[in-house]
Amino acid sequence: MNREKIIVIDFGGQYNQLVARRVRECSVYCEIYSYKTDLEQIKAMNPKGIILTGGPNSCYEDGAPSCGKELFRLGIPVLGLCYGAQLMMLTLGGRVCKAPVREYGKIEVTVDKSSRLFGGVSEKTICWMSHNDYIETIAPGFQVIARTPACPVAAAQWEERNLYAIQFHPEVLHTQEGTKMLHNFVYHVCGCTGTWKMDTFVESGIQAIRRKVGSGKVLCALSGGVDSSVAAVMLSKAVGSQLTCVFVDHGLLRKNEGDEVEEVFGPHGPYDLNFIRVNAQERFYEKLKGVEEPEKKRKIIGGEFIRVFEEEAKKIGSVDFLVQGTIYPDVVESGLGGESAVIKSHHNVGGLPDYVDFREVIEPLRDLFKDEVRRAGLELGIPEKLVFRQPFPGPGLGIRIVGEVTPEKVVMVQEADAIYREEIARAGLDKTIGQYFAALTNMRSVGVMGDERTYDYAVALRAVNTVDFMTAETAEIPFPVLTKVMNRIINEVNGINRVFYDLTSKPPGTIEFE
Ligand code: XMP
């Protein structure tokens, strides 16, 4: 499909996904590509504009990520952000060096309101700065359009060429009018018209699936989470009973979750699809015996998933397509899109092992960020309760149990987690916290219960607030709520005698606790 598109060229900056999301919030489709992407490939994509992200390097050092001059001569508007801005200046003949004063945090910037980039923006506006280097001299042809006392070139433009460079980060919400600036770039510089709308995406997605599938049979891997549920409903709307949803209960789900999934998607639920529940708990536990390393656990669980699907597919007869609920951050985080390191393998990304004999994989949500998946879910008429469900990793409690997974530990973490969620909801906090769950540490320690000495496990409670799941802050849960959860877990869950609250933000931690 030839849709209006902005591309983000990723130089390894931590906000790269945020840039793409902000552009999409302006109703313009946006994708992320590594800076290593070939110029010809970029041209072939025919983007309406290009945004160069920030990055951890100094652009003047040997071997620093760069791009050729040609990128700026394509006639396509380019916006450089932070590292991207410095690179643009350096490449086109300006000078970038270590700044005499490092700027970090919210800084008041004075902007030239006559620039197309700053139309409707206040003359003095708070922006998020984070840089050690700065643009000392702008490149020929450019003009300074924003400054701070410490940063003589906070932004520059070469208006006739549609080239813009911004030292600060408009994609971060701390930049109070950042969205307006990106909106200006996308609409007033790139000339986008805003065709990226969720209802169109859903409708054209359904039609595309119908065309692709024809009379073929489709198998959907349903986990009960938001992503696979939205994918399943999209498929059921597209091809109805040609779709079979296989729900693998790997014994690593939250308390009662298997039955809840069956209630929604099973024969008594509202959707027209074939639903098969596979109770494969024992198989997974057996494979996980003695395995402690988290990445290994992920691989085992992912691999076993695929094998269970394969077996089901064989039982069903010939299956042509396999549906997966892969979303865009999975793609980028797996190193397939941008420049970010592979932090952990997501079992649901990047094709299938050789031994699976489906013809093709369908990933209807591969282009969407999480909040967009939710919007698509609402568009499809999926109940809000399901659409706003807590994220839950594919490998489930397998990666919320530190160390070896055993059936006994699964019960402990299920019970503790259920209590935690119940109390959070009772305190009215369930809508305000981004993601929260209990995890089982691999630590046992001595305690005393009644007159008895105990030697039991410690549970860690996690709660974070996050906009995009790439960074997260620990949520502040009132102490009385935590105390109540602690009391209940220790009194009600066998095998646990300590409760910790995890204060770690992401980075340096991850949201999951594995
Ligand atoms: P991390 O732990 O990477 O988590 O900070 C970010 C978000 O991703 C979820 N997550 C996963 N989701 N398969 C998934 O579908 C996975 O393997 C997986 N690992 C983490 C996590 O719950 C959080 O929302």
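**A walk through the predicted model**

Asn162 sits in the loop between strand S8 (155-158) and strand S9 (163-166). Strands (E, at least two residues) and helices (H or I, at least four) are DSSP runs, numbered from the N terminus. This is a predicted model, where local features need pLDDT of at least 70, side-chain atom pairs count only at pLDDT 80 or more, and totals for chains, interfaces and linings use all residues. Residues are numbered from 1 along each chain as its sequence is written, and side-chain values use heavy atoms, with hydrogens and water left out.

Asn162 has a phi near 60°, a positive value in a residue other than glycine. Asn162 counts as buried because its relative accessibility is 18%. Buried means under 20% relative accessible area, exposed over 50%, and partly exposed in between (1.4 Å probe, protein chains only). Asn256 also has a positive phi, near 65°. Its loop runs between strand S11 (243-249) and helix H7 (257-265). Asn256 is partly exposed, at 48% relative accessible area.

Now the interior. A nonpolar core is a set of buried Ala, Val, Leu, Ile, Met, Phe, Trp, Tyr and Cys residues joined through side-chain atoms within 4.5 Å. The largest has 91 residues, and Phe265, Tyr420, Leu461, Ile477 and Ile489 touch the most other members. Helix H6 (residues 226-239) gives the most to this core: 9 residues. A second, separate core of 40 residues includes Val28, Leu117, Ala154 and Cys192.

Next, a helix pair. Helix H8 (residues 281-288) and helix H9 (residues 294-316) pack at about 145°, with axes 10 Å apart. Axes are lines fitted to C-alpha atoms, for helices over the stretch in contact, and angles run from 0 to 180 degrees between N-to-C directions. Contact means heavy atoms within 4.5 Å. From H8, the contact uses Arg283, Phe284, Lys287 and Leu288. H9 brings residues including Ile300, Glu304 and Phe305.

Which residues of helix H11 (residues 370-379) are buried? They are Lys370, Glu372, Val373, Arg374, Ala376 and Gly377. Their cover includes helix H1 (16-25), helix H5 (198-213), H6 and helix H12 (384-387). Just after H11, Gly381 takes a positive phi of about 80°.

Finally, two prolines. Pro507 is in the segment after strand S18 (496-501). A cis peptide bond joins Lys506 to Pro507, with omega about -15°. The bond from Pro507 to Pro508 is cis too, with omega near 10°.
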